[in-house]
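Please read the following points alongside the sequence and the coordinates.

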Amino acid sequence: MIHVLVSDSMSSEGLQPLLDASHINVVQKTVEEVEDELHLFDALLVRSATKVTEDLFKKMTNLKIVGRAGVGVDNIDIEAATKHGVVVINAPNGNTISTAEHTFAMMASLLRHIPQANVTVKSNEWNRTAFVGTELYGKSLGIIGFGRIGGEIAKRARVFGMNILVFDPFLTKDRAEKIGVSNCTLDELLTNADIITVHTPLIKETRGILNKETIAKTKKGVYLLNCARGGIIDETGLIHHLENGHVAGAALDVFEVEPPVNNKLLKFDNVIVTPHLGASTKEAQLNVAAQVTQEVLNFLDGKPVTSSINLPTLTKELFDKIQPFYHLAKKMGNIVSQCMKVPVQEVAIQYEGSVAELETSFITKALLSGFLGARVDITVNEVNAGMIAKERGITFSEKITTNNSGYENLLEVRVIGDNQNFVLRGTHVPHYGERIVGINDFNIDFYPTGYLLYIQHQDKPGVIGRVGKVLGDHEVNIATMQVGRKEKGGEAIMMLAFDRPLDDTLTSQLSSYDDIVSVKTIDL
Ligand SMILES: NC(=O)C1=CN([C@@H]2O[C@H](COP(=O)(O)OP(=O)(O)OC[C@H]3O[C@@H](n4cnc5c(N)ncnc54)[C@H](O)[C@@H]3O)[C@@H](O)[C@H]2O)C=CC1
Ligand SMILES: O=C(O)CCC(=O)C(=O)O
């Protein structure tokens, strides 16, 4: 049974496919309510209320995936997720329209004083002169962060006859041209915009992008909006400029601390606020819950996820092509690790032939996770393999080569360790399967599975017979056996496969023979 914890409120219609799956047990409770059972859950679905911290990852020892029903993942410690090998996915576009519409509604309300006027009429006042507003038409709207939401706001602003100024260091010329906007510098936007709205993620570079100093560069009487994340507009800086009258008004859906506690911003008449409602529509909630549900179901079924934050994203088509190499790479990493029981400094992977045209970074991580999984005592997978390698001082690299060794596709891993190097080559033959075709300088051909015995020996008469006799004396049946040599009478290797693990006494006995250089067991 797979256990899924849904710890924030979510559209039950969106969650329905998870609720309907007979092999999945869905628990809809807060983290605190299931404190004693946290170790059971395979998947966690959240909105923004649950703080997914390093501490939570430590408690959720079985966790494999966190699904964020929304865009911003600032409530999830991505680095800790990666370290613990947990995939993080989000629902990137399910709430774009709702948030753009909310921002627009806030902008119109701010400039026409609708919330304030509403309160007075309901208090039996009829004060028309106090609420003279400002038109949006002809005003310059500065959009900081021109992604999905920023783009939708621009479309709406254009219809309202506004001029649009955009600042986004990652905006491509193509996208800007397609939407008909031009990217300017932050200073140009600040000095020319009548209204400024922020739509970036909350990251180190955007925290306080509008602050005491930058707001001072804006036009006197500017309006500011934040429907993205609290902290993108520094609250202290904003309060300063509301108090000195430089800012005419602000509309805030988000706060540095939510819900706001003793927040001075709530005392200003020209500040209008909503309780983080950008994505709170029936449509957006259904969209985001349905998106993460589908992604989590795909992931739990071993299918690719399309919106991962800490994994390369793959389409189903690409994933199907990669899968054989993914499994081969994992086994190759595992074999090398078991054959090289010494500290390792470097793992270099080379791709040749058709595999080189695929998303090799994913295959590299699979190989690395197979390699590290055989030598560290924590969960290693494609998510955290790079980080764990780095932590342990192992550098890794990948290279595409145009060499032609005669295989349709070839993976080669070269591992450099203390006084020892090891090279392994593998290929995947369609409709036939994975084959290991080279160990160091030896050509060989075996299917990497089960219990293997790798023997380095001298190419002399009687060695193979002696190995066979020892195994026979111990009643061990050889499933398959491959030999390889460089030259007659020189160094040679054997790779034997068995149906069950071998005893240490047997491998010690084999190692004691003069013509046998080394004996290594490999369990796959
Ligand atoms: N109030 C609410 O309920 C909601 C809030 N949000 C917030 O809105 C944010 C934006 O959402 P989307 O448009 O979907 O994300 P997005 O990823 O499509 O767009 C973000 C844009 O910010 C830009 N950016 C990154 N660093 C920047 C910098 N230093 N300066 C200027 N621009 C920068 C990126 O290039 C990107 O184009 C989310 O990160 C989330 O925090 C999203 C949905 C609902
Ligand atoms: O879950 C929510 O309603 C908040 C949505 C949000 O802020 C986001 O998607 O980034």
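**Note on a pocket and a sheet**

1. The second largest pocket has a volume of about 700 Å³. On a 1 Å grid over the protein atoms alone, a pocket is an open set of points with protein on both sides within 12 Å along at least five of seven lines, and lining residues have an atom within 4 Å of a point. Grid points are joined across faces, edges and corners, and the volume is the space filled by probe spheres (1.4 Å) set on them.

2. This is a predicted model, in which local features need pLDDT of at least 70 and side-chain atom pairs pLDDT 80 or more, while totals for chains, interfaces and linings use all residues. Residues are numbered from 1 along each chain, chains are lettered from A and ligands numbered from 1 in the order written, and side-chain values use heavy atoms, without hydrogens and water.

3. Among the 32 lining residues of this pocket, K64, G85, V87, F299 and N381 are the closest to its centre. Helix 12 contributes the most to the lining, with four residues. Helices (H or I, at least four residues) and strands (E, at least two) are DSSP runs, numbered from the N terminus.

4. An open sheet is formed by six strands in the order 13-12-14-15-16-17, with mixed pairing; two strands pair if DSSP finds at least two bridges between them. Strand 13 (395-401) and strand 17 (442-446) are the edge strands, each pairing on one side only.

5. Strand 16 (residues 433-439) pairs with strand 17 in the antiparallel sense over three bridges. N443 in strand 17 is the bridge partner of G438.
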